[in-house]
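Hi,

Here is the model I promised to pass on.

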Amino acid sequence: MSTVSGGEVVSTGVDGAPPHDDAPEGHATGVPPHGGAPEGHAATGVPPRDDAPEERAATGADAREGTVRAARAGAIPGGRAVGAPRALLRLLASEIGLTFRRPRNIAMLAVLAGVPVLLGVALRAFGGPDGDGPGSAVFGQVTGNGLFLTFAALAVLVQLLLPVSVAVVAGDTVAGEAGLGTLRYLLAAPAGRTRLLAVKYANAVVFCLGAVTVIALSALLTGLVLFPAGPVVLLSGGTISTFDALLRIGLVVLYVAAGMAALAAVALAFSTLTEVTVGAIAATVVLVVVAQVLGVVPQLSGLQPYLLTRWWNGFDGVLRDPIATGDMGQGLLVFAAYTVIFGSIAWARFTGKDITC
């Protein structure tokens, strides 16, 4: 209200008292406002209900994870500026560390390492298989020389369990990041999309090599414990020393890892086509199963040389003297062709993809 005093109009408060000059805006009525109160608090004074705290916490953790990885790669101001090659190496190291620290991947590696142990115990208890079935020659040699358990274990696992493990890791490379909303942090890196995709694929290749190495080491140790070891009698009839046999096991590891790396390129391509990790993994596994089915149909013999799964067991060429480099070389060419074709598909899709999350 206002009063006149000495010809001046003096403004007073509600009860005739002068207002506080330093009162914040909105206090003229004498009732302090709900300053900074969230929406929905003014009327009831009760804070709104948080319906999904765990979901937001998980999303926030994923976002922070993407921020940290991007910072390590020099992608955001929070990270120290580094050169492009060094940033790529740091990003690759971060990806590899994350891959081998995930409980899911550790569990898969443990299962892969356990299969050779179970196989060795079964052969020790019941002996080798009888007959001339596929792989019977290799399995029959295990009881006489434990080094053959490595070849037998890889021949079993390369059919499905190892490809499924590779599909899980490679299928999660891009689709998993997009689904969690961390892909945009990694795309802030100065390396660009092409180099980021190369890092993702390199990480999958490292996992392929690591998984095959775990199988080989588990089978080698199990074979040495349960069976005698010494010079190896090859399938062609010749004999090589134990050292030469270990070198050939190393060649088998590299060959199988190359085959799995080709499958990783397939899974990577599917991963760029979706933001659902399960979809990329399922598509890769279905492709493997279909290829294996087509590989046993006699009427499709003309198609079989072009199937990726057809060459995964081609490592038996190292069990001959001299090594069957022709068959193994053709298998490596097929692996390279699949890597180039599906790698190009992944690159074309990823570089033109609109990233919104």
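Below is what I found in it, starting with how to read the values.

This is a predicted model, so to speak: local features need pLDDT of at least 70, side-chain atom pairs count only at pLDDT 80 or more, and totals for chains, interfaces and linings use all residues. Residues are numbered from 1 along each chain as its sequence is written, and side-chain values use heavy atoms, with hydrogens and water left out.

Salt bridges first (a side-chain nitrogen of Lys or Arg within 4 Å of a carboxyl oxygen of Asp or Glu). By that rule there are four salt bridges. Arg-102 pairs with Asp-172, with the closest N and O atoms 2.6 Å apart. That pair links distant parts of the chain, 70 residues apart: Arg-102 is in the loop between helix H3 (84-101) and H4, and Asp-172 in the loop between H7 and H8. Helices here are DSSP runs (H or I, at least four residues), numbered from the N terminus. Asp-172 also forms a salt bridge with Arg-104, at 3.7 Å between the closest N and O atoms. Asp-172 is buried at 12% relative accessible area, while Arg-104 is partly exposed at 35%. The cut-offs are under 20% for buried, over 50% for exposed and partly exposed in between (1.4 Å probe, protein chains only).

Lys-200 forms a salt bridge with Glu-177, the closest N and O atoms being 2.8 Å apart. Lys-200 lies in helix H10 (residues 193-226) and Glu-177 in helix H8, so this pair ties together parts 23 residues apart in sequence. Both ends are buried: Lys-200 has a relative accessible area of 2%, and Glu-177 has 6%. Salt bridges with shared partners join Glu-95, Glu-177 and Lys-200 into one network.

Now for H12 (residues 277-294).

One last item: a cis peptide bond joins Asp-321 and Pro-322, with omega about 0 degrees. Pro-322 is in the loop between H12 and helix H13 (325-351).

Cheers

How values were computed
Helix = DSSP H or I, 4+ residues; strand = E, 2+ residues; numbered from the N terminus.
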